[in-house]
Amino acid sequence: MSAMILDGKALADQIRAEIAEEVGRFKEASGIVPALAVILVGENPASQVYVRNKEMACQKAGIESLMYRLDQDTTTADLLDLIRKLNQDAKVHGILVQLPLPKGIEEKEILDAIDPSKDVDAFHPENVGLISQGRPRFLPCTPYGIQQMLVRYNIETDGKHAVIVGRSDIVGKPMALLLVQKAVGANATVSIAHSRTKNLPEITRTADILIVAIGKANFLTADMVKPGAVVIDVGMNRIEVGSTDENGNPIKVKKLVGDVDFDSVKEVASAITPVPGGVGPLTVTMLLLNTLNSAKNSVR
């Protein structure tokens with residue numbers, strides 16, 4: 001029997017409706033409009049799409065979206081100057097720098113410059129430290145979205161073995177920090193595997209919950225999954241596949257796929273996220289929630 005499909009888009013729509021209602025109540029009570037500043041440097045096509053999606057999501061939720069589009073040749077000093085101004089602007093509650101940044105700009109220096117109280121991506125070392133101690137100011141958007149998916153689909157995490165394939169600062173490491181906490185949607189036994197892990201299939205086959213964020217198209221195959229496991233695919237890869245044009249001539253087209261070989265793994269797993277339509281929509285949704293919470297914190 002095929003796995004249950006974990007519909008991230010439908011879940012994101014549900015949570016965004018909840019956020020929009022809460023934003024409305026907050027505006028009425030405080031007179032404050034939550035505002036998110038998004039900085040895009042350069043002309044990266046994928047980044048431009050992500051930024052547009054964030055802008056539209058903010059508008060639908062009643063959150064003000066402040067867009068800063070900077071040239072490819074923007075310097076680190078220019079970017080730091082803008083961040084300092086946004087840090088000091090009381091009307092700005094969240095600051096997001098779209099990654100990746102162009103070559104020549106020191107990414108960590110830029111992220112560290114954001115006021116931790118406005119770091120709605122939760123990348124600042126202070127916020128990472130708070131997460132590790134189980135008293136977060138904000139939760140990182142993709143791991144937070146995954147945790148919400150597990151909770152709202154009633155997927156048990158207590159005492160389960162969660163294997164995370166990938167050790168990035170954006171997904172792998174913070175995902176492990178969330179799942180190991182004494183909290184709802186956590187209390188798991190967590191293993192982190194990565195590109196240097198030996199006997200990786202042996203480890204992934206021990207997972208009750210398998211989260212894959214390694215950045216390789218169709219990397220995880222059915223033989224690497226324990227029957228009945230829950231599989232969360234964080235990958236976003238564009239690959240060329242064969243197709244035909246309107247005249248029947250063979251052509252190559254780009255297709256978005258995850259890190260999981262969906263067609264084979266869905267026959268083994270008990271539940272699985274699709275790509276697209278799985279984790280992606282929840283990432284933006286949690287960004288909205290963090291921005292709302294930042295605005296609430298500003299009046300406490």
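In the predicted model, the buried residues of helix H6 are Cys 141, Thr 142, Pro 143, Tyr 144, Gly 145, Ile 146, Gln 147, Gln 148, Met 149 and Leu 150. Helix H6 is thus mostly covered, with 10 of its 12 residues buried. These buried residues pack against helix H1 (8-30), helix H7 (172-179), strand S7 (209-212), strand S8 (230-233) and helix H10. The length of H6 agrees with expectation: at 1.5 Å a residue, its 12 residues should span 16 Å, and its end C-alpha atoms are 16 Å apart. H6 is followed by Asn 154, which has a positive phi near 55 degrees.

The packing of H6 (residues 141-152) with H10 (residues 280-297) is characterised by an angle of about 105 degrees and an axis separation of 8 Å. Because angles of 65 to 115 degrees count as roughly perpendicular, H6 and H10 are therefore assigned to that class. On the H6 side, the contact comprises Cys 141, Thr 142, Tyr 144, Gly 145, Gln 148 and Met 149, which meet Leu 282, Thr 283, Met 286, Leu 287, Leu 289 and Asn 290 in H10. By class, this contact contains seven nonpolar, five polar and no charged residues.

Elsewhere, three strands form an open sheet in the order S3-S2-S4, with parallel pairing. Strand S3 (64-70) and strand S4 (94-97) are the edge strands, each pairing on one side only. Neighbouring strands are turned against each other by 15 degrees on average, direction ignored. Strand S2 (residues 35-41) pairs with S3 in the parallel sense over seven bridges; Leu 36 has Ser 65 as its bridge partner in S3. Helix H3 (residues 76-88) packs on the sheet and touches S2, S3 and S4, its direction making about 180 degrees with that of S2.

Methods
Residues are numbered from 1 along each chain as its sequence is written. This is a predicted model: local features need pLDDT of at least 70, side-chain atom pairs count only at pLDDT 80 or more; totals for chains, interfaces and linings use all residues. Side-chain values use heavy atoms; hydrogens and water are left out. Axes are lines fitted to C-alpha atoms, for helices over the stretch in contact, and angles run from 0 to 180 degrees between N-to-C directions. Helices (H or I, at least four residues) and strands (E, at least two) are DSSP runs, numbered from the N terminus. Angles under 35 degrees count as roughly parallel, over 145 as roughly antiparallel, 65 to 115 as roughly perpendicular and the rest as oblique. Contact means heavy atoms within 4.5 Å. Ala, Val, Leu, Ile, Met, Phe, Trp, Tyr, Cys and Pro count as nonpolar, Asp, Glu, Lys and Arg as charged, and the others, Gly among them, as polar. The expected span of a helix is 1.5 Å times one less than its number of residues. Buried means under 20% relative accessible area, exposed over 50%, partly exposed in between (1.4 Å probe, protein chains only). Two strands pair if DSSP finds at least two bridges between them.
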